[in-house]
Amino acid sequence: MNNPKNPITQLFGIRYPIIQGGMIWHSGWRLASAVSNCGGLGLLGAGSMYPDILRENIQKCKKATDKPFGVNVPMLYPNLEEIIQIILEEGVKIVFTSAGNPKTYTETLKKEGLKVAHAVSSTKFALKCEEAGVDAIVAEGFEAGGHNGRDETTTLCLIPNVRRNVSTPLIAAGGIATGAQMKAVMMLGADAVQIGSRFAATDEASAHDNWKQKITEIGEGDTFLTLKELAPVRLVKNQFFSELEEIYNSGRNAEILREKLGRARAKRGMFEGDLENGELEIGQVSALIDEILPVEKVFENLLREFRETEDISI
């Protein structure tokens with residue numbers, strides 16, 4: 001696991017090839033710094049932060065860890081230029097971008113000496129990342145929570161296909177919460193993993209306690225990928241989800257869906273703890289998450305499971 005020749009650990013200057021997903025309403029400075037202090041790469045989730053809040057979180061993260069950390073920037077949110085400027089002003093060294101064209105900011109950020117990774121859901125867009133000159137590619141399968149790809153390609157199929165088409169360091173995401181799953185995707189060609197849902201149910205995540213507890217109760221089939229007309233997202237089935245289904249049953253009207261979604265639905269659900277009327281984003285792997293743990297214990301479990309998983313002979 002602690003391989004000094006691993007391209008991702010070398011690239012980011014971290015001990016283990018484990019990246020924490022920059023999840024909206026979860027990934028504040030406490031979570032990011034805890035992950036970095038454990039030897040992984042913590043990411044602040046800029047998608048749910050106003051520019052001044054992002055600056056505050058960067059400054060607090062720098063005080064809480066002397067290890068590398070980064071910022072995740074979904075390019076579908078407003079204030080994008082201001083967010084990039086804050087990242088540069090505060091001296092952040094690593095940026096993960098998603099939900100947009102990798103060419104938009106890669107060259108600008110790399111000229112300033114930053115390392116850039118971009119998240120995609122298909123081999124087609126992985127090739128575009130390589131053309132754009134990113135330092136690493138995050139290939140995220142259909143199992144993932146939050147904003148997702150429209151193609152519904154699973155991680156098991158996506159990773160080997162991306163690997164045989166690109167030479168850029170590759171990070172697997174989607175459906176990974178255990179050391180055995182981590183080993184599986186690395187055997188398929190990934191150099192590292194990005195983990196979201198498992199870190200969402202940690203003491204250090206900034207989400208509401210009601211939501212963290214709900215994550216531990218989710219079973220198979222309790223999440224569904226929806227809102228493809230706007231931006232595909234995997235949601236827990238609750239009252240809000242049922243209201244979306246009613247709109248679908250009466251016709252796929254993107255404008256009505258956008259009105260129902262509103263700007264504060266995700267905050268209402270995951271940050272304020274309204275489990276029925278809020279938007280609850282989580283991956284399918286939540287069915288394997290049974291308890292809220294400190295980040296240090298999550299790392300301990302991941303590393304132990306990775307080492308204990310034996311290669312199978314037939």
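The structure, a predicted model, holds 13 salt bridges, a salt bridge being a side-chain nitrogen of Lys or Arg within 4 Å of a carboxyl oxygen of Asp or Glu. Because the model is predicted, local features need pLDDT of at least 70 and side-chain atom pairs count only at pLDDT 80 or more, whereas totals for chains, interfaces and linings use all residues. Residues are numbered from 1 along each chain as its sequence is written, and side-chain values use heavy atoms, with hydrogens and water left out.

| Pair | Closest N and O atoms |
|---|---|
| Glutamate 152 and lysine 228 | 2.7 Å |
| Aspartate 191 and arginine 163 | 3.2 Å |
| Arginine 265 and glutamate 243 | 3.9 Å |

Aspartate 191 forms a salt bridge with arginine 163. This pair links distant parts of the chain, with aspartate 191 in the loop between helix H8 (179–187) and strand S9 (192–195) and arginine 163 in helix H7 (residues 155–163), 28 residues apart; helices (H or I, at least four residues) and strands (E, at least two) are DSSP runs, numbered from the N terminus. Aspartate 191 is buried at a relative accessible area of 15%, while arginine 163, at 21%, is partly exposed, where buried means under 20% relative accessible area, exposed over 50%, and partly exposed in between (1.4 Å probe, protein chains only).

Arginine 265 forms a salt bridge with glutamate 243. Here too the pair links distant parts of the chain, arginine 265 belonging to helix H13 and glutamate 243 to helix H11 (residues 239–249), 22 residues apart, and both arginine 265 and glutamate 243 are buried.

Lysine 297 and glutamate 300 are separated by about one helical turn, because they stand three residues apart in helix H14. Lysine 297 is partly exposed at 32% relative accessibility, as is glutamate 300 at 44%. Beyond these pairs, a network of salt bridges links Arg55, Lys62, Glu89 and Glu90.

Asparagine 277 lies in the loop between helix H13 (265–271) and helix H14 (295–308), and its relative accessible area of 26% makes it partly exposed. Between asparagine 277 and arginine 265 there are twelve residues of sequence separation and 7.7 Å in space, C-alpha to C-alpha. Once neighbours within four places in sequence are left aside, asparagine 277 is in contact (heavy atoms within 4.5 Å) with Asn238, Gln239, Phe240, Arg265 and Arg268.

The domain assignment of the protein, which is automatic or taken from a database, gives domain 1 (7–206 + 290–308) and domain 2 (209–284). Their contact takes 25 residues from domain 1 and 22 residues from domain 2, and the C-alpha centres of the two domains lie 23 Å apart. About 2000 Å² is buried between domain 1 and domain 2, 59% of it on carbon and sulfur atoms, where buried area is the accessible area (1.4 Å probe) that two parts lose on being put together, summed over both.

Across this interface the rule finds one salt bridge, and 13 residue pairs between the domains are in polar contact, both residues at pLDDT 80 or more. A polar contact is a pair of N or O atoms within 3.5 Å; within protein, one must be able to donate a hydrogen and the other to accept it, and residues adjacent in sequence count only if both atoms are side-chain atoms. On the side of domain 1 that touches domain 2, the elements giving two or more residues are strand S7 (146–147) and helix H9 (197–200).
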